[in-house]
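I opened a new notebook page for this chain and meant to go from the whole to the parts.

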Amino acid sequence: MASRPESYTLVKAAIVLSCAQLVSERIVQPRKPGLGQMRSAVLLAGIALVSAPLTLAQQLQQHYTVVDRGPSLVRTLTDTPGLNNHGDVAIWHSETANLMPGIVFHGKETISIEGEKSFTLVYPSDINDQLTVVGILQNPQDLRFTQAFKWSDNKLEILQSLGGAYSSASAVNGAGKVVGSSQISSGEKHAVLWRTKQPRDLGLLAQGNYSRARDINDKDEIVGEANLVPNGKPQAFLWRAGKMQQLPNLPGGTICTAQAINNSGAIIGSCDLPSGVGHGVIWRNGSIEDLGTLGGEDSATTALDINALGQAVGSSNDDDKLRAFLWEKGKMINLNKLIAPNSGWTLLVASRINDNGEIIGRGYFHRTIHTFMLQPDQALHGK
(Lines give C-alpha, C1' and ligand atoms only; values in the text may rest on other atoms or scores of the structure.)
Protein backbone atom coordinates (compact mmCIF):
# COMPACT_ATOMS: atom_id res chain seq x y z
CA MET A 1 0.00 0.00 0.00
CA ALA A 2 1.30 3.49 -0.86
CA SER A 3 2.20 5.64 2.12
CA ARG A 4 -0.13 8.49 3.06
CA PRO A 5 1.08 11.99 2.05
CA GLU A 6 2.17 14.34 4.81
CA SER A 7 -0.85 16.55 4.13
CA TYR A 8 -3.15 13.59 4.87
CA THR A 9 -1.41 13.01 8.21
CA LEU A 10 -1.80 16.66 9.16
CA VAL A 11 -5.48 16.69 8.21
CA LYS A 12 -6.10 13.46 10.08
CA ALA A 13 -4.31 14.77 13.17
CA ALA A 14 -6.38 17.94 13.10
CA ILE A 15 -9.63 15.97 12.81
CA VAL A 16 -8.64 13.60 15.60
CA LEU A 17 -7.81 16.59 17.80
CA SER A 18 -11.16 18.20 16.97
CA CYS A 19 -12.99 14.98 17.78
CA ALA A 20 -11.10 14.70 21.07
CA GLN A 21 -12.11 18.24 21.97
CA LEU A 22 -15.71 17.47 21.01
CA VAL A 23 -15.77 14.36 23.22
CA SER A 24 -14.12 16.32 26.04
CA GLU A 25 -16.72 19.05 25.80
CA ARG A 26 -19.50 16.49 25.89
CA ILE A 27 -17.98 14.79 28.97
CA VAL A 28 -18.04 17.98 31.02
CA GLN A 29 -21.66 18.69 30.15
CA PRO A 30 -24.04 18.08 33.09
CA ARG A 31 -26.21 15.77 30.99
CA LYS A 32 -24.71 12.48 29.79
CA PRO A 33 -24.88 11.97 26.03
CA GLY A 34 -27.13 9.23 24.75
CA LEU A 35 -25.86 6.26 22.78
CA GLY A 36 -27.31 7.71 19.56
CA GLN A 37 -25.37 10.96 20.05
CA MET A 38 -22.10 9.09 20.57
CA ARG A 39 -22.69 6.98 17.45
CA SER A 40 -23.37 10.14 15.42
CA ALA A 41 -20.11 11.72 16.61
CA VAL A 42 -18.10 8.63 15.67
CA LEU A 43 -19.82 8.43 12.28
CA LEU A 44 -19.14 12.10 11.49
CA ALA A 45 -15.49 11.71 12.47
CA GLY A 46 -15.16 8.69 10.15
CA ILE A 47 -16.72 10.56 7.23
CA ALA A 48 -14.35 13.51 7.82
CA LEU A 49 -11.28 11.23 7.78
CA VAL A 50 -12.29 9.81 4.41
CA SER A 51 -13.48 12.98 2.70
CA ALA A 52 -10.88 15.52 3.89
CA PRO A 53 -7.90 14.07 1.93
CA LEU A 54 -9.99 13.92 -1.25
CA THR A 55 -10.93 17.57 -0.92
CA LEU A 56 -7.29 18.53 -0.29
CA ALA A 57 -6.10 16.53 -3.30
CA GLN A 58 -8.67 18.25 -5.52
CA GLN A 59 -7.47 21.66 -4.34
CA LEU A 60 -3.83 20.81 -5.00
CA GLN A 61 -4.56 19.72 -8.57
CA GLN A 62 -6.95 22.41 -9.78
CA HIS A 63 -5.67 25.83 -8.78
CA TYR A 64 -5.47 27.18 -12.35
CA THR A 65 -7.27 26.97 -15.67
CA VAL A 66 -4.94 27.01 -18.71
CA VAL A 67 -5.78 29.31 -21.64
CA ASP A 68 -3.93 28.70 -24.92
CA ARG A 69 -2.52 31.86 -26.52
CA GLY A 70 -1.16 30.13 -29.60
CA PRO A 71 2.21 28.92 -30.96
CA SER A 72 5.21 30.80 -29.62
CA LEU A 73 8.61 31.57 -31.10
CA VAL A 74 11.17 31.17 -28.33
CA ARG A 75 13.75 33.93 -27.90
CA THR A 76 15.85 33.83 -24.74
CA LEU A 77 14.63 32.72 -21.33
CA THR A 78 14.72 36.26 -19.92
CA ASP A 79 13.10 37.97 -22.92
CA THR A 80 9.53 37.79 -21.71
CA PRO A 81 6.17 38.84 -23.21
CA GLY A 82 3.95 41.36 -21.41
CA LEU A 83 1.00 41.03 -19.00
CA ASN A 84 -0.92 43.80 -17.22
CA ASN A 85 -3.34 43.77 -14.28
CA HIS A 86 -6.38 43.63 -16.57
CA GLY A 87 -5.22 40.33 -18.05
CA ASP A 88 -4.15 41.92 -21.36
CA VAL A 89 -1.24 40.08 -23.00
CA ALA A 90 1.39 41.36 -25.45
CA ILE A 91 3.29 38.59 -27.26
CA TRP A 92 4.74 37.72 -30.67
CA HIS A 93 3.64 35.29 -33.36
CA SER A 94 5.70 34.33 -36.40
CA GLU A 95 3.90 34.57 -39.77
CA THR A 96 6.92 34.22 -42.07
CA ALA A 97 10.70 34.41 -41.69
CA ASN A 98 10.58 38.11 -42.58
CA LEU A 99 7.29 39.15 -40.98
CA MET A 100 6.30 38.84 -37.34
CA PRO A 101 3.82 41.32 -35.88
CA GLY A 102 3.32 41.84 -32.20
CA ILE A 103 -0.03 40.67 -30.86
CA VAL A 104 -2.09 42.23 -28.05
CA PHE A 105 -4.94 40.23 -26.54
CA HIS A 106 -7.22 42.90 -25.05
CA GLY A 107 -10.35 41.25 -23.68
CA LYS A 108 -12.01 39.63 -26.68
CA GLU A 109 -10.14 41.89 -29.08
CA THR A 110 -6.91 40.90 -30.86
CA ILE A 111 -4.72 43.82 -31.95
CA SER A 112 -1.74 43.58 -34.31
CA ILE A 113 1.36 45.76 -33.93
CA GLU A 114 3.19 46.10 -37.24
CA GLY A 115 6.84 47.06 -37.62
CA GLU A 116 8.08 49.71 -40.01
CA LYS A 117 10.43 49.84 -43.00
CA SER A 118 13.02 47.06 -42.72
CA PHE A 119 12.23 46.40 -39.04
CA THR A 120 9.45 43.88 -39.52
CA LEU A 121 10.02 41.58 -36.53
CA VAL A 122 8.12 42.92 -33.49
CA TYR A 123 8.87 41.61 -30.00
CA PRO A 124 6.66 43.13 -27.26
CA SER A 125 8.32 42.94 -23.84
CA ASP A 126 5.84 44.70 -21.54
CA ILE A 127 2.36 46.23 -21.38
CA ASN A 128 0.94 48.54 -18.71
CA ASP A 129 -2.64 48.98 -17.51
CA GLN A 130 -3.15 51.89 -19.95
CA LEU A 131 -2.46 49.51 -22.87
CA THR A 132 0.95 50.99 -23.66
CA VAL A 133 3.26 48.35 -25.16
CA VAL A 134 7.06 48.51 -25.38
CA GLY A 135 9.62 46.20 -26.91
CA ILE A 136 12.05 45.60 -29.74
CA LEU A 137 11.89 45.95 -33.52
CA GLN A 138 14.35 43.74 -35.36
CA ASN A 139 15.67 43.58 -38.92
CA PRO A 140 15.27 40.01 -40.25
CA GLN A 141 18.24 40.50 -42.58
CA ASP A 142 20.59 41.26 -39.69
CA LEU A 143 19.32 40.37 -36.21
CA ARG A 144 21.91 42.62 -34.58
CA PHE A 145 19.95 45.68 -35.69
CA THR A 146 17.28 46.47 -33.08
CA GLN A 147 15.22 49.53 -32.24
CA ALA A 148 13.30 50.25 -29.04
CA PHE A 149 9.62 51.02 -29.60
CA LYS A 150 6.65 52.33 -27.68
CA TRP A 151 3.11 51.66 -28.90
CA SER A 152 -0.10 53.30 -27.67
CA ASP A 153 -3.39 54.45 -29.20
CA ASN A 154 -2.55 52.31 -32.25
CA LYS A 155 0.55 54.41 -32.97
CA LEU A 156 4.11 53.09 -33.11
CA GLU A 157 6.89 55.34 -31.82
CA ILE A 158 10.62 54.65 -32.28
CA LEU A 159 12.58 55.61 -29.15
CA GLN A 160 15.90 57.33 -29.78
CA SER A 161 19.25 55.78 -28.90
CA LEU A 162 22.24 57.23 -27.04
CA GLY A 163 24.06 57.71 -30.34
CA GLY A 164 24.67 54.11 -31.34
CA ALA A 165 22.86 51.92 -33.86
CA TYR A 166 20.96 49.64 -31.46
CA SER A 167 18.46 50.03 -28.64
CA SER A 168 15.89 47.86 -26.85
CA ALA A 169 12.99 48.52 -24.47
CA SER A 170 12.36 46.09 -21.60
CA ALA A 171 9.61 47.53 -19.40
CA VAL A 172 7.08 50.33 -18.95
CA ASN A 173 5.51 51.59 -15.72
CA GLY A 174 2.03 52.98 -15.08
CA ALA A 175 3.08 56.52 -16.04
CA GLY A 176 4.42 55.36 -19.41
CA LYS A 177 8.13 55.66 -18.53
CA VAL A 178 10.23 53.11 -20.39
CA VAL A 179 13.54 51.44 -19.54
CA GLY A 180 15.95 49.27 -21.49
CA SER A 181 19.38 49.65 -23.04
CA SER A 182 20.99 51.62 -25.84
CA GLN A 183 24.27 51.59 -27.64
CA ILE A 184 26.41 54.72 -27.28
CA SER A 185 28.54 56.08 -30.12
CA SER A 186 31.57 54.01 -29.01
CA GLY A 187 29.52 50.81 -29.28
CA GLU A 188 29.02 50.06 -25.57
CA LYS A 189 25.53 49.39 -24.17
CA HIS A 190 24.16 51.47 -21.30
CA ALA A 191 20.95 51.25 -19.28
CA VAL A 192 18.50 53.98 -20.28
CA LEU A 193 15.26 55.62 -19.18
CA TRP A 194 12.88 57.16 -21.70
CA ARG A 195 10.44 59.70 -20.26
CA THR A 196 9.88 60.98 -23.79
CA LYS A 197 11.59 59.96 -27.04
CA GLN A 198 14.89 61.20 -25.65
CA PRO A 199 16.81 58.67 -23.54
CA ARG A 200 18.53 59.31 -20.23
CA ASP A 201 21.77 57.41 -19.65
CA LEU A 202 21.49 55.70 -16.24
CA GLY A 203 25.23 55.22 -15.98
CA LEU A 204 27.47 52.34 -14.91
CA LEU A 205 28.74 50.56 -11.81
CA ALA A 206 32.32 51.26 -10.65
CA GLN A 207 34.67 51.05 -13.66
CA GLY A 208 32.36 48.97 -15.83
CA ASN A 209 31.45 49.51 -19.48
CA TYR A 210 28.07 47.75 -19.70
CA SER A 211 24.64 48.14 -18.09
CA ARG A 212 21.08 47.13 -18.94
CA ALA A 213 17.79 48.07 -17.28
CA ARG A 214 15.16 45.32 -17.11
CA ASP A 215 12.27 46.73 -15.05
CA ILE A 216 10.82 49.92 -13.55
CA ASN A 217 8.11 50.29 -10.90
CA ASP A 218 5.65 53.14 -10.36
CA LYS A 219 8.12 54.85 -7.99
CA ASP A 220 10.67 55.10 -10.82
CA GLU A 221 12.93 52.54 -9.16
CA ILE A 222 14.84 50.61 -11.82
CA VAL A 223 16.65 47.27 -11.73
CA GLY A 224 18.94 45.41 -14.11
CA GLU A 225 22.55 44.33 -14.45
CA ALA A 226 25.93 45.98 -15.02
CA ASN A 227 29.57 44.97 -14.87
CA LEU A 228 32.19 46.42 -12.50
CA VAL A 229 35.12 46.33 -14.92
CA PRO A 230 35.25 46.28 -18.74
CA ASN A 231 33.94 42.96 -20.03
CA GLY A 232 33.47 41.76 -16.44
CA LYS A 233 30.74 39.54 -15.04
CA PRO A 234 27.30 41.16 -14.65
CA GLN A 235 26.10 42.29 -11.23
CA ALA A 236 22.56 43.18 -10.18
CA PHE A 237 21.78 46.85 -9.58
CA LEU A 238 19.06 49.09 -8.20
CA TRP A 239 18.80 52.62 -9.62
CA ARG A 240 16.97 55.07 -7.40
CA ALA A 241 16.91 58.89 -7.19
CA GLY A 242 19.63 59.22 -9.81
CA LYS A 243 22.06 56.73 -8.28
CA MET A 244 22.95 53.18 -9.33
CA GLN A 245 23.95 50.80 -6.55
CA GLN A 246 25.03 47.17 -6.61
CA LEU A 247 22.81 44.56 -4.96
CA PRO A 248 24.45 41.81 -2.85
CA ASN A 249 25.37 38.42 -4.32
CA LEU A 250 24.75 35.00 -2.82
CA PRO A 251 27.67 33.97 -0.55
CA GLY A 252 30.60 32.91 -2.73
CA GLY A 253 28.81 33.84 -5.97
CA THR A 254 30.19 36.11 -8.69
CA ILE A 255 27.27 36.79 -11.07
CA CYS A 256 23.84 38.37 -10.51
CA THR A 257 21.08 39.96 -12.54
CA ALA A 258 17.92 41.71 -11.30
CA GLN A 259 14.87 40.99 -13.44
CA ALA A 260 11.84 42.69 -11.83
CA ILE A 261 10.79 45.02 -9.01
CA ASN A 262 7.35 45.60 -7.46
CA ASN A 263 6.00 48.82 -5.94
CA SER A 264 7.05 47.72 -2.45
CA GLY A 265 10.67 47.55 -3.59
CA ALA A 266 10.98 43.75 -3.54
CA ILE A 267 13.32 42.65 -6.34
CA ILE A 268 13.72 39.24 -7.94
CA GLY A 269 16.42 37.92 -10.21
CA SER A 270 19.08 35.25 -10.39
CA CYS A 271 22.56 34.78 -8.90
CA ASP A 272 25.10 31.99 -9.11
CA LEU A 273 26.39 29.75 -6.33
CA PRO A 274 30.12 29.01 -5.85
CA SER A 275 29.49 25.91 -8.01
CA GLY A 276 28.39 28.13 -10.90
CA VAL A 277 24.75 26.99 -10.78
CA GLY A 278 22.28 29.86 -10.97
CA HIS A 279 19.44 30.20 -8.45
CA GLY A 280 16.47 32.54 -8.35
CA VAL A 281 16.73 35.12 -5.56
CA ILE A 282 14.74 37.88 -3.90
CA TRP A 283 16.16 41.11 -2.46
CA ARG A 284 14.21 42.82 0.32
CA ASN A 285 15.48 45.72 2.41
CA GLY A 286 19.00 45.22 1.08
CA SER A 287 19.18 41.51 1.97
CA ILE A 288 19.26 38.59 -0.46
CA GLU A 289 17.41 35.27 -0.12
CA ASP A 290 17.73 32.11 -2.22
CA LEU A 291 14.30 31.04 -3.57
CA GLY A 292 15.37 27.40 -3.67
CA THR A 293 14.71 24.91 -6.46
CA LEU A 294 12.20 22.29 -7.55
CA GLY A 295 15.04 19.77 -7.63
CA GLY A 296 18.23 19.50 -5.60
CA GLU A 297 20.84 22.13 -4.74
CA ASP A 298 22.51 21.66 -8.13
CA SER A 299 19.28 22.40 -10.05
CA ALA A 300 19.34 25.69 -11.97
CA THR A 301 16.55 28.20 -11.30
CA THR A 302 15.66 31.51 -12.97
CA ALA A 303 13.22 34.00 -11.40
CA LEU A 304 11.51 36.32 -13.88
CA ASP A 305 8.72 38.38 -12.29
CA ILE A 306 7.13 39.42 -9.00
CA ASN A 307 3.72 40.97 -8.25
CA ALA A 308 2.41 43.29 -5.53
CA LEU A 309 1.63 40.31 -3.27
CA GLY A 310 5.24 39.14 -3.36
CA GLN A 311 4.48 36.10 -5.53
CA ALA A 312 7.32 35.30 -7.92
CA VAL A 313 7.45 33.12 -11.04
CA GLY A 314 10.12 31.62 -13.26
CA SER A 315 11.57 28.26 -14.24
CA SER A 316 13.54 25.57 -12.45
CA ASN A 317 15.14 22.27 -13.34
CA ASP A 318 13.38 19.35 -11.69
CA ASP A 319 15.07 16.00 -12.31
CA ASP A 320 16.83 17.60 -15.34
CA LYS A 321 13.51 18.80 -16.76
CA LEU A 322 12.62 22.47 -17.13
CA ARG A 323 9.43 23.34 -15.24
CA ALA A 324 7.51 26.56 -14.51
CA PHE A 325 7.23 27.56 -10.86
CA LEU A 326 5.30 29.82 -8.51
CA TRP A 327 7.08 31.00 -5.35
CA GLU A 328 5.01 32.32 -2.47
CA LYS A 329 5.35 32.46 1.30
CA GLY A 330 8.84 31.01 1.11
CA LYS A 331 7.85 27.93 -0.89
CA MET A 332 8.48 27.02 -4.54
CA ILE A 333 5.67 25.11 -6.27
CA ASN A 334 5.73 23.28 -9.61
CA LEU A 335 2.88 24.90 -11.55
CA ASN A 336 2.30 21.66 -13.46
CA LYS A 337 0.90 20.25 -10.20
CA LEU A 338 -1.68 23.04 -9.99
CA ILE A 339 -3.42 22.39 -13.33
CA ALA A 340 -5.61 19.53 -14.46
CA PRO A 341 -3.42 16.46 -15.09
CA ASN A 342 -5.12 15.72 -18.43
CA SER A 343 -4.79 19.28 -19.82
CA GLY A 344 -2.25 18.32 -22.50
CA TRP A 345 0.18 20.97 -21.21
CA THR A 346 3.70 20.80 -19.85
CA LEU A 347 4.49 24.24 -18.40
CA LEU A 348 8.17 25.08 -18.93
CA VAL A 349 8.60 28.76 -18.07
CA ALA A 350 6.37 31.18 -16.12
CA SER A 351 7.34 34.63 -17.42
CA ARG A 352 4.94 37.12 -15.82
CA ILE A 353 2.49 37.31 -12.93
CA ASN A 354 0.07 40.20 -12.35
CA ASP A 355 -1.47 41.47 -9.12
CA ASN A 356 -4.54 39.24 -9.64
CA GLY A 357 -2.36 36.13 -9.73
CA GLU A 358 -2.74 35.51 -13.48
CA ILE A 359 0.40 34.02 -15.03
CA ILE A 360 1.71 33.81 -18.60
CA GLY A 361 4.57 31.75 -19.93
CA ARG A 362 5.61 29.09 -22.43
CA GLY A 363 5.15 25.36 -22.49
CA TYR A 364 4.53 22.29 -24.58
CA PHE A 365 0.94 21.88 -25.73
CA HIS A 366 0.69 18.52 -27.46
CA ARG A 367 4.45 18.66 -28.19
CA THR A 368 4.42 22.18 -29.70
CA ILE A 369 5.68 25.31 -27.91
CA HIS A 370 2.71 27.56 -27.09
CA THR A 371 2.14 30.61 -24.92
CA PHE A 372 -0.13 29.88 -21.97
CA MET A 373 -2.11 31.98 -19.55
CA LEU A 374 -3.02 30.58 -16.13
CA GLN A 375 -6.20 31.92 -14.55
CA PRO A 376 -6.61 31.26 -10.81
CA ASP A 377 -9.64 29.33 -9.70
CA GLN A 378 -11.66 32.08 -8.02
CA ALA A 379 -13.36 29.79 -5.49
CA LEU A 380 -10.12 28.16 -4.35
CA HIS A 381 -8.34 31.50 -4.03
CA GLY A 382 -11.17 32.99 -2.02
CA LYS A 383 -11.84 35.92 -4.34
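Entry 1: I keep in mind throughout that the model is predicted.

I then looked at how the chain gets from strand to strand. The hairpin of β14 and β15 has five residues between the strands, and in it Asp220 takes a positive phi near 65°. The hairpin of β15 and β16 has six residues between the strands, and there I noted a positive phi near 65° for Asn231.

**Entry 2: the cover on β15.** Is β15 enclosed or open to the outside? I found that six of the six residues of this strand, 222-227, are buried, so β15 is largely enclosed by the rest of the structure. To understand the two sides I reminded myself that side chains in a regular strand alternate between the two faces of the sheet. On one side of β15 I listed Ile222, Gly224 and Ala226, on the other Val223, Glu225 and Asn227, and with all of them buried both faces are covered.

**Entry 3: the chain as a whole.** I stepped back and counted two helices and 28 strands in the chain. Of its 383 residues, 48% are buried. The accessible surface comes to about 18900 Å², and carbon and sulfur atoms account for 52% of that surface. I also looked up contacts between residues at least 6 apart in sequence, and 41% of these join residues at least 24 apart.

**Entry 4: an open sheet.** Next I followed four strands that form an open sheet with antiparallel pairing, in the order β10-β11-β12-β13. Its edge strands are β10 (163-172) and β13 (199-201), each of which pairs on one side only. From one strand to the next the twist averages 35°. Within this sheet I checked β11, residues 178-184, against β12, residues 189-194, and found six bridges in the antiparallel sense. Gly180 stands opposite Val192 in β12.

**Entry 5: Ser125.** This residue sits in strand β6, residues 121-127. Is Ser125 buried or exposed? Its relative accessibility is 10%, and since buried means under 20%, Ser125 counts as buried. I traced its side chain to the backbone oxygen of Ala169, which it reaches at 2.8 Å. Leaving out residues up to four places away in sequence, I found that Ser125 touches several others, including Thr80, Pro81, Val134, Ser170 and Arg352.

**Entry 6: Pro251.** I ended on a loop, the one between β17 (243-246) and β18 (256-261), where Pro251 lies. With a relative accessibility of 70%, Pro251 counts as exposed, because exposed means over 50%. I also looked up Ile288, which is 37 residues from Pro251 along the chain, and noted that the C-alpha atoms of the two are separated by 9.6 Å.

Definitions and conventions
Residues numbered from 1 in each chain as written. Predicted model: local features only at pLDDT ≥ 70, side-chain atom pairs only at ≥ 80, totals over all residues. Heavy atoms only, no water. Buried < 20%, exposed > 50% of the residue type's maximum accessible area, 1.4 Å probe, protein only. Contact = heavy atoms within 4.5 Å. Areas by Shrake-Rupley, 256 points an atom, 1.4 Å probe, with all protein chains shown as cover. Pairing = 2+ DSSP bridges. Axes fitted to C-alpha atoms, helices over the stretch in contact; angles between N-to-C directions. Polar contact = N/O pair within 3.5 Å; in protein donor to acceptor, adjacent residues only side chain to side chain.
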